[in-house]
Amino acid sequence: MSSVSKQTYAQRAAQHPNPAAKALLETIERKRTNLSVSVDVTKQEDFFRIIDTVGPYVCLLKTHVDIIEDFEPSVIERLKELSQKHDFLIFEDRKFADIGNTVALQYSAGVHKIASWSHITNAHPVPGPSIISGLKSVGLPLGRGLLLLAEMSTKGSLATGVYTEEAVRMARANRDFVIGFIAQRRMDGVGLREGESTPDEDLLILTPGVGLDTRGDGMGQQYRTPREVIVESGCDVIIVGRGIYGKDNGANVEAVRAQAERYRAEGWKAYRERVDISD
Ligand code: 6AU
């Protein structure tokens, strides 16, 4: 496995040029957690209860704000307060996928004004490099970071082969703003052309499709364990949703806390195994 995956999060934080990636790596190291919880619930009450419970255990809190039925601008203010209180970054999982001009508007404006509060967001590379230019025109001046979906966790995903390679090339050409990928494995060396090398490249891998108790959800999602993801595939952050808040929108606070602690511990243990920290 590549040298970056053998480095500690702290070593990588010290070298990373993008402020959002640097802050994420520093947060991971400070809180000793590579867990990101995905809070995919539709009511403010459930959303904030889960966030306040998992907050101490996460480096990054992932949202889909467009599924909140009782959304109002104060949701963002509360989310920002909780991010301060618990010391985590925010990742709005918007999966932009349109032409540059449209995504710039979707990112900066509308009801949600994502760029103004979300440290990290993501995009499908399907439109080509112009999607990065559009998002970058908004996000770079704000110190934000972008993840490209180079692969997906779902059965039958079309994001494979040449598509994945081209996604990595697009990221390499925009390393000031593209901080890494949503993917299932490390991308170091993927898409390199004859004679090309990228020794100092640090593109982060954030990986959904993580679960300890089940292998799928009956709707195409596929789960692997934190160890498979972090040690065997060399990824950096595990993204866990239903594995933590369960089937009842996280109604049982103690159960949510216990699962968050469990995934944090598994993710951190796997990281220590990968970088060979034994103390
Ligand atoms: O753990 P789950 O299955 O409850 O939730 C997984 C979360 C969901 C998905 O929208 C998201 O991760 N996701 C993504 C992301 C993060 O972009 C990509 C992907 O390939 N698979 C996936 O599940 O909020």
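**Entry 1: overall count and ground rules**

I started with the secondary structure, which comes to 10 helices and 8 strands. Helices here are DSSP runs of H or I with at least four residues, strands are E runs of at least two, and both are numbered from the N terminus. I am looking at a predicted model, where local features need pLDDT of at least 70 and side-chain atom pairs count only at pLDDT 80 or more, while totals for chains, interfaces and linings use all residues. Residues are numbered from 1 along each chain as its sequence is written, and side-chain values use heavy atoms, with hydrogens and water left out.

**Entry 2: size and packing**

The C-alpha trace spans about 55 × 50 × 40 Å along its principal axes.

I then looked up burial, and 53% of the 279 residues are buried. Buried means under 20% relative accessible area, exposed over 50%, and partly exposed in between (1.4 Å probe, protein chains only). The protein exposes about 12000 Å², with carbon and sulfur atoms supplying 51% of it; the areas come from the Shrake-Rupley method with a 1.4 Å probe, and for residues only the protein chains shown count as cover. Of the contacts with a separation of 6 or more, 73% join residues 24 or more positions apart. Contact means heavy atoms within 4.5 Å.

**Entry 3: the barrel**

How do the strands run? I traced a closed barrel of 8 strands, in the order β1-β2-β3-β4-β5-β6-β7-β8, with parallel pairing. Neighbouring strands of this sheet are turned by 25° against each other on average, direction ignored. Axes are lines fitted to C-alpha atoms, for helices over the stretch in contact, and angles run from 0 to 180 degrees between N-to-C directions. Two strands count as paired if DSSP finds at least two bridges between them.

I went through some pairs one by one. β1 (residues 35-38) and β2 (residues 60-63) pair in the parallel sense over 3 bridges, and V37 has L61 in β2 as its bridge partner. β6 and β7 are parallel too, over 3 bridges, with G180 opposite L204 in β7. β7 and β8 pair in the parallel sense over 2 bridges; there T207 has I238 of β8 as bridge partner.

I also looked at where the β7 side chains go. L204 and L206 point one way, I205 and T207 the other, and all are buried.

Helix α2 (residues 19-31) lies across β2, β3 (89-96), β4 (120-123), β5 (145-149), β6 (178-182), β7 (204-207) and β8 (237-240), and runs at about 130° to β3.

Which residues of α5 (residues 100-108) are buried? I found G100, V103, A104 and Y107. They cover an arc of only 105° around the axis, which puts them on the same side of α5. The arc is that of the directions from the helix axis to the C-beta atoms. The face turned away from this side carries the exposed N101 and L105. The buried residues of α5 pack against β3, β4 and α6 (130-139). After α5 comes G110, with a positive phi near 70°.

I moved on to α6, where 7 of the 10 residues are buried, so this helix is largely enclosed by the rest of the structure. The buried ones are I131, I132, G134, L135, K136, V138 and G139. Their cover includes β3, α5, β4, β5, α7 (161-172) and β6.

**Entry 4: three loop residues**

P56 sits in the loop between α3 (44-54) and β2, and counts as partly exposed at 40% relative accessibility. I see P56 touching K31 and H86, leaving out residues up to four places away in sequence.

S197 is in the loop between β6 and β7 and is exposed, with a relative accessible area of 57%. S197 and L149 are 48 residues apart in sequence and 22 Å apart in space, C-alpha to C-alpha.

N252 is in the loop between α9 (242-245) and α10 (253-275) and is partly exposed at 40% relative accessibility. The C-alpha atoms of N252 and R49 are separated by 9.9 Å, although the two residues are 203 apart along the chain.
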